[in-house]
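Subject: Structure for you to look at

Hello,

Here is the structure I promised. Please open it and keep it beside you while you read my notes.

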Amino acid sequence: MLSSRGAKSAEQLNIPWRYATPHTYDKETNPNGVISFGMAEHRPMRAEIANYINNKVVFMEDSVGYRPSPTAAARLPVALAAHLNRILVPKVSINKDHVFTASSATALGGMLGFTLAEPGDGILASRPVYGRFELDYGVEAGVQMIYTDNDPEEAFSPGIITRYEMALEAAEKRGIKIRAVLVVNPHNPVGRCYPAETLKEILRFCNKHQLHVISDEIYASCIFDSGNPEAVPFTSILSLDIPALIDPNLVHLLYGFSKDFASGGLHLGFLVSQNTELRQACQAILRLHSVSTAAVTIGTTILEDQQFLSEFTTKSQQSLASAYRLTTATFDREGIRYVQGANAGFFIYLDLSPYLTSNNIPPHEREFALAQKLLNAGVFLHPGEEHAKTPGWFRFVYSHEKEVLQEGLRRMLGALKQSASS
């Protein structure tokens, strides 16, 4: 027999389409494999990181021990603080003592849920939003994600605060105490950056209600020239005058290696917070989420090599810009609607509602049916994962090699045309 929480966690495995179908396509070895447009990783840049590690990283005894030596351990937060000071341009320089390292940003989400909230409490986010936060904050900590009722574009307007107020009031009426607001900037799945004025309003809202702010900035360097001069540039929450807007102890930033460095498998995540009590609470549970000493060695070497960082980031941004323009040109030509204004991340938020079946079945099952048709054609898009206000919206991850992207688009368009004619 399982505990109640064990049984509840196991139930997650039974939710249809909860977990992504893996990418198995290879032009040479598995040409009929699935092309996944569901996993948010920058596949073309993985070889760059692997080659760098093979040629530049030197492992010492510290790299395979339980813990690195104090000298080796101190290098990583220093290097990370210097890196974030360059790319985030904070109003007040990030102090190495404010950097907390764990096995991933995902793990840190769970740790924040555990340390900031009680089981059954809520974390508020506007929608659409990355659907796996429900697992990150919920599986171990038992914290709920509470969503505002808004359309995609509305989330980036200062007026979203009205929706936050309504969602907060509705949650309290249901007996759910909201503990924090989660902001994903650059945004997943919309691929846009938050205007500074909207971020300021969110901070004022959180100060008013004494809520924590978790700013997930894991795509901070995945900014590119989309060709749209009206695209909003990236503004880190730490670049604002935080003390003038909110108690700095309520503001926490998440970062990691999985997106900016195309290396999710390294399992390196960082929390930046001035809140000493929070960092201490996280430290107390770190033994369950600690980063490997091998990853510390690799991460430190990468972050201390500024020339490599600059060259890698430039190449990554060029790759994303090329893939984005190819994909949006295809969707424009085919008349497929998507949210405009993206200039960051790996994805496009796509409206496939015209291709849903018109049968009298629940909306999520209509999305499941379309996802199955796409999967039958060898393409995976995750249905219902980003919590759209209306059914039919999918996150399309375009960060693939050009040939793979083109083949995947060909399969996808064929399946959609077949669906429209059936």
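A disulfide is a pair of cysteine sulfur atoms within 2.5 Å. This is a predicted model, and it holds zero disulfides. Take C222 as an example. C222 is in no disulfide, and its nearest cysteine sulfur, that of C193, is 10 Å away. C222 counts as buried, because its relative accessibility is 1%. Now find C282. The closest cysteine sulfur to that of C282 is in C206, at 18 Å, so the two are too far apart for a bond. C282 is buried too, with a relative accessible area of 0%.

Next, two helices. Helix 6 covers residues 160–173, and helix 7 covers residues 196–209. Their axes come within 10 Å and cross at roughly 30 degrees. Angles under 35 degrees count as roughly parallel, so helix 6 and helix 7 are roughly parallel to each other. Their crossing is right-handed. Helix 6 makes the contact with I160, I161, Y164, E165 and L168. Helix 7 brings T198, E201, I202, F205, K208 and H209. Of the residues in this contact, six are nonpolar, two polar and three charged.

Last, look at L253. Where does L253 lie? The place of L253 is in strand 7, residues 251–256. L253 counts as buried, because its relative accessibility is 0%. Leaving aside residues up to four places away in sequence, L253 touches L88, S215, E217, S236, I237, L238, F270, L271 and V272. V272 is 19 residues from L253 in sequence, yet their C-alpha atoms are 5.0 Å apart in space.

Best wishes

Note on methods
Residues are numbered from 1 along each chain as its sequence is written. This is a predicted model: local features need pLDDT of at least 70, side-chain atom pairs count only at pLDDT 80 or more; totals for chains, interfaces and linings use all residues. Side-chain values use heavy atoms; hydrogens and water are left out. Axes are lines fitted to C-alpha atoms, for helices over the stretch in contact, and angles run from 0 to 180 degrees between N-to-C directions. Helices (H or I, at least four residues) and strands (E, at least two) are DSSP runs, numbered from the N terminus. Angles under 35 degrees count as roughly parallel, over 145 as roughly antiparallel, 65 to 115 as roughly perpendicular and the rest as oblique. A crossing is left-handed if the near helix is turned anticlockwise from the far one by less than a right angle, and right-handed if clockwise. Contact means heavy atoms within 4.5 Å. Ala, Val, Leu, Ile, Met, Phe, Trp, Tyr, Cys and Pro count as nonpolar, Asp, Glu, Lys and Arg as charged, and the others, Gly among them, as polar. Buried means under 20% relative accessible area, exposed over 50%, partly exposed in between (1.4 Å probe, protein chains only).
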